[in-house]
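The tour goes from selection to selection, with a short note at each stop.

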Amino acid sequence: MRMVKEGLGFGRFWVPPRWTDKDCPYEKSNWMNWYQEYLSSDEWAYKRVQVLGLAGWVCQECGVRSAKEVHHLDYTDVGDEDYGQLLAVCGLCHQSLHGHY
């Protein structure tokens, strides 16, 4: 299935339309490729540092360890997410949030 570039633009990236696993408008593997590219972008690097800085570089999940990663609380607005949809976390808590212990 061809990916259609629609939704709000963010820098040089287009934001994919909202989707659910049940009704994905394009193949999930294509979305994952786009997501990995987005995570490598300057736009994400800036947003990531902002989120970590707002949290004082302390994990917002455990409140103990240093936060070095940013977790998406949901994936509905990836690429156009606001800071309320992001959580500064340590690596251990990030793995736990994704179910990897």
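Start by selecting G53, which sits in helix α2, residues 42-54. This is a predicted model. With a relative accessibility of 39%, G53 is classed as partly exposed, because that value falls between the 20% limit for buried and the 50% limit for exposed.

Next, turn to the aromatic rings. The whole structure holds 6 aromatic pairs. Select W31 and W34: their ring centres are 6.2 Å apart and their planes meet at 45 degrees, so this pair is tilted. Both residues belong to helix α1 (residues 28-39), where a spacing of 3 residues puts about one helical turn between W31 and W34. W31 is buried at 4% relative accessible area, and W34 is buried at 6%.

Now select Y35 and Y75. Here the ring centres lie 5.9 Å apart with the planes at 80 degrees, so the pair counts as edge-to-face. Y35 is in helix α1, while Y75 is in the loop between β3 (69-72) and β4 (86-89), so the contact ties together parts 40 residues apart in sequence. How accessible is Y35, buried or exposed? Y35 is buried, at 10% relative accessibility. Y75 is partly exposed, with a relative accessible area of 32%.

For the last stop, select W31, W34, Y35, Y38, W44 and Y75 together; these residues make up one aromatic cluster.

Methods:
Residues are numbered from 1 along each chain as its sequence is written. This is a predicted model: local features need pLDDT of at least 70, side-chain atom pairs count only at pLDDT 80 or more; totals for chains, interfaces and linings use all residues. Side-chain values use heavy atoms; hydrogens and water are left out. Helices (H or I, at least four residues) and strands (E, at least two) are DSSP runs, numbered from the N terminus. Buried means under 20% relative accessible area, exposed over 50%, partly exposed in between (1.4 Å probe, protein chains only). Rings of Phe, Tyr and Trp (its six-membered ring) pair if their centres lie within 6.5 Å; planes under 30 degrees apart count as stacked, over 60 as edge-to-face and the rest as tilted.
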